Structure formats: structure tokens, C-alpha cells
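Trainee: I'm new to this one and would like to walk through it with you. Could you put it up, and then we'll start with the basic terms?

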Amino acid sequence: MGISGGGRDAEERFFKLTGAERAPKAALGDAVIDGNLVEVKRATSTTLNQVRAVKFIVLVAYYCPDGADPCWYVVPAHQVVALVARKPRGQHTENPFESATLNTRDLADYRVDDEAQLREQVLAAVRDGARYGDLQAEMARVLNESRLLASDSRERVAAVLRRHGLA
């Protein structure tokens with residue numbers, strides 16, 4: 001679940017409709033279907049926040065605009081990466097693959113009109129994304145490099161802070 005907990009109702013509805021289970025760790029994703037991790041987002045505006053393409057998992061968005069019927073989108077992992085790759089920087093970060101916003105207008109091809117088909121659409125998206133193993137490996141590399149950069153940055157900044165008596 002997101003920091004605000006705003007997506008909890010979308011997650012619960014997703015679990016009910018698909019038979020998915022909660023992911024063992026939130027950092028991995030929100031749900032698991034047949035052993036496959038899934039990220040579930042809820043949006044009341046056209047913006048999806050904190051999309052983490054670096055995870056290389058299926059993105060499911062529950063779009064609930066005021067005054068309109070809600071709908072679902074199911075985006076394969078490789079398409080999430082392709083959408084995020086267009087961005088010059090991320091949401092609150094330089095690297096867009098770590099966290100980015102997406103607009104539901106860009107997801108029209110991934111709309112699921114019959115929520116009874118949600119589970120099958122997710123599994124189809126998993127199969128579709130699995131064809132891009134090299135892209136998945138590159139996202140794992142991006143994640144590892146981000147972790148190394150963060151660790152190196154913390155060490156260098158800590159050294160300067162110590163030198164100034166600030167740590």
C-alpha cells in the first residue's frame with residue numbers, strides 16, 4: 001500500500017476480483033497472482049503517482065474519477081518502462097525509473113472494460129512482459145546502480161559532515 005494508504009480500497013477490490021494475495025513485502029509490489037508480483041494504484045485524477053518502472057512488474061490502475069464510472073487499466077511491465085523512459089526526470093527524483101507519474105490518457109490501450117476479465121488480463125500482461133528478459137535485466141541493473149549510488153552518496157556526505165563536526 002502507498003504511503004498515504006489511499007490505494008487500499010483499490011487493492012482490496014483487486015484481491016476480491018482476482019483472487020490475488022497481498023505481496024509479502026510492500027517494496028516488492030502490492031499483490032501476487034500465481035507467483036507474479038503486481039503493483040496496484042488508485043487514481044481519482046488522471047495522474048498515477050509513484051510508478052516504479054524499475055520493479056519491472058505489471059501495473060494495475062483503478063481509475064475512479066468524480067462523477068464517472070471507475071475503470072481498470074492493466075499495463076505490462078515492459079510498457080511501463082517504455083512510458084517512463086520518455087520522461088527526463090522522475091517524481092521527486094532525478095531517475096524516472098525509480099519513481100514517476102503516468103497519465104491515464106496514455107493508458108487507453110490497456111483499459112479493461114470487463115472487470116471479470118481482470119485476472120486474465122493481468123496474467124496476459126505477465127506473459128507479454130516475460131518476452132523482454134533483457135529489459136528486465138536492465139531494470140535490475142538500474143536498481144542495483146541506484147542502490148550503489150545511494151550508498152556511495154551517503155558515505156561521502158557522512159564523511160564531509162564528520163569533517164565539519166556535524167555528524
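Mentor: Let us begin with the elements: helices (H or I, at least four residues) and strands (E, at least two) are DSSP runs, numbered from the N terminus. S146, for example, lies in helix 4. The model is predicted, so local features need pLDDT of at least 70 and side-chain atom pairs count only at pLDDT 80 or more, while totals for chains, interfaces and linings use all residues. Residues are numbered from 1 along each chain as its sequence is written, and side-chain values use heavy atoms, with hydrogens and water left out.

Trainee: Okay, is S146 buried or exposed?

Mentor: S146 is buried, because its relative accessible area is 15%, and buried means under 20% relative accessible area, exposed over 50%, and partly exposed in between (1.4 Å probe, protein chains only).

Trainee: How do strand 2 and strand 3 pair?

Mentor: Strand 2 (residues 31–33) and strand 3 (residues 36–43) are antiparallel and share three bridges, and I33 has N36 of strand 3 as its bridge partner. Their hairpin has two residues between the strands, and D34 there takes a positive phi near 50 degrees.

Trainee: What about strand 3 and strand 5?

Mentor: Those two run parallel and are joined by six bridges; E39 stands opposite L59 in strand 5, and K41 has A61 of strand 5 as its bridge partner.

Trainee: Now the inside: which residues of the largest nonpolar core touch the most other members?

Mentor: They are L48, V84 and F97, in a core of 24 residues. A nonpolar core is a set of buried Ala, Val, Leu, Ile, Met, Phe, Trp, Tyr and Cys residues joined through side-chain atoms within 4.5 Å. The largest share of this core, five residues, comes from helix 2. Not counting residues up to four places away in sequence, F97 touches R52, A53, V54, V81, V84, A85, M139 and V142. There is also a second, separate core of 20 residues, which includes F15, A31, V40 and A125.

Trainee: Which residues of helix 2 are buried?

Mentor: In helix 2, A77, H78, V80, V81, L83 and V84 are buried, and the buried residues of this helix pack against strand 4, strand 5, strand 6, strand 7, helix 3 (118–129) and helix 4.

Trainee: Last topic: at what angle do helix 1 and helix 3 pack?

Mentor: Helix 1 (residues 8–18) and helix 3 pack at about 95 degrees, with their axes 8 Å apart. Axes are lines fitted to C-alpha atoms, for helices over the stretch in contact, and angles run from 0 to 180 degrees between N-to-C directions. The two helices are therefore roughly perpendicular to each other, since angles under 35 degrees count as roughly parallel, over 145 as roughly antiparallel, 65 to 115 as roughly perpendicular and the rest as oblique. F14, L17 and T18 of helix 1 make the contact with L118, R119 and V122 of helix 3.

Key
Contact means heavy atoms within 4.5 Å. Two strands pair if DSSP finds at least two bridges between them.
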